Amino acid sequence: LEVSKSFLMNTGQSLNLSFGTEWRLENFQMKEGEEGTWRNYDEPQRRKQGGTAGIVVPPDNVVNKNRNVGGTYVDLELDLFNRLLVDLAGRYEYYSDFGGNPAGKLAIRYKLSDKFSIRGSVNNGFRAPSLQQRFYSATNRTGITPAGMPTISGIFRNDSYVAQAFGVPSLQAERSVNVSGGVTATLLNHVRLTVDAYWIQIKDRLY
């Protein structure tokens, strides 16, 4: 749900107001594949299970995970004297598996003339790991050891005992800070120039 409204003040200034809210139910599910693709019908011979090559979903990889995500935001944009534009925004999100997080943005643009403007902004960001990043797995039994134990290889989910045994930590939400600035200029009637620079710092980056 989003609502926006523009206001024109008596002083000639304009004000744009936007706000909204959202709710999402996210689901990630992997169902068990056809039995013939993963079951080992000849275990005494210690052969690889299944009769299909490629990606299959054995019972060990079955997963069905959900989470709720709610968010709300407000954005206020004020144009002062047709030269200074100020944009202030705030957002709050809540993830059932990662908790809440506030985020904000401040952006300013100033017209030095009709043909030359400077602008800048600062904001922070938040991105939680997707359910696929946390719970996807693709493992297969590739054989049996001389001691009679199965050997398993593949991609293990983030919260698996294998990942924990190797010291792989639980995925954390990605947090960032972004600062940018730039200039825009009209050099000729059909020639415009834009130059921007930015600096981003990311913590617990997700790939």
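Is F81 buried or exposed? F81 is exposed, with a relative accessible area of 64%, where exposed denotes over 50% relative accessible area, buried under 20%, and partly exposed the range in between (1.4 Å probe, protein chains only). The model is predicted, so that local features require pLDDT of at least 70 and side-chain atom pairs count only at pLDDT 80 or more, whereas totals for chains, interfaces and linings use all residues. Residues are numbered from 1 along each chain as its sequence is written, and side-chain values use heavy atoms, with hydrogens and water left out.

F81 is located in the loop between β3 and β4 (84-95); strands are DSSP runs of E with at least two residues, and helices are runs of H or I with at least four, numbered from the N terminus. The phi angle of F81 is near 60°, a positive value in a residue other than glycine. N82 is likewise placed in the loop between β3 and β4, and its phi is near 60°, again positive in a non-glycine residue. The relative accessible area of N82 is 55%, and N82 is therefore classed as exposed.

Strand β3 (residues 63-80) contains D79. This residue is buried yet has no salt bridge, the nearest side chain of opposite charge being R109, 4.8 Å away. For this assignment Lys and Arg count as positive and Asp and Glu as negative, while His and the chain ends are not counted. A salt bridge is defined as a side-chain nitrogen of Lys or Arg within 4 Å of a carboxyl oxygen of Asp or Glu. When residues up to four places away in sequence are excluded, D79 touches Q13, S14, L84 and L85, contact meaning heavy atoms within 4.5 Å.

By the salt-bridge rule, the count comes to 11. R24 pairs with E22 at 3.2 Å, N to O, and with E26, for which the closest N and O atoms are 2.9 Å apart. E22 is partly exposed at a relative accessible area of 33%, and R24 is also partly exposed, at 26%.

A further salt bridge joins R127 to E174, with the closest N and O atoms 3.3 Å apart. Because R127 lies in strand β6 (residues 116-127) and E174 in strand β9 (residues 174-188), the pair ties together parts that are 47 residues apart in sequence. R127 is partly exposed, with a relative accessible area of 37%, whereas E174 is buried at 11%. Through shared partners, salt bridges connect E22, R24, E26, R67, R91, E93, D97 and R134 into one network.
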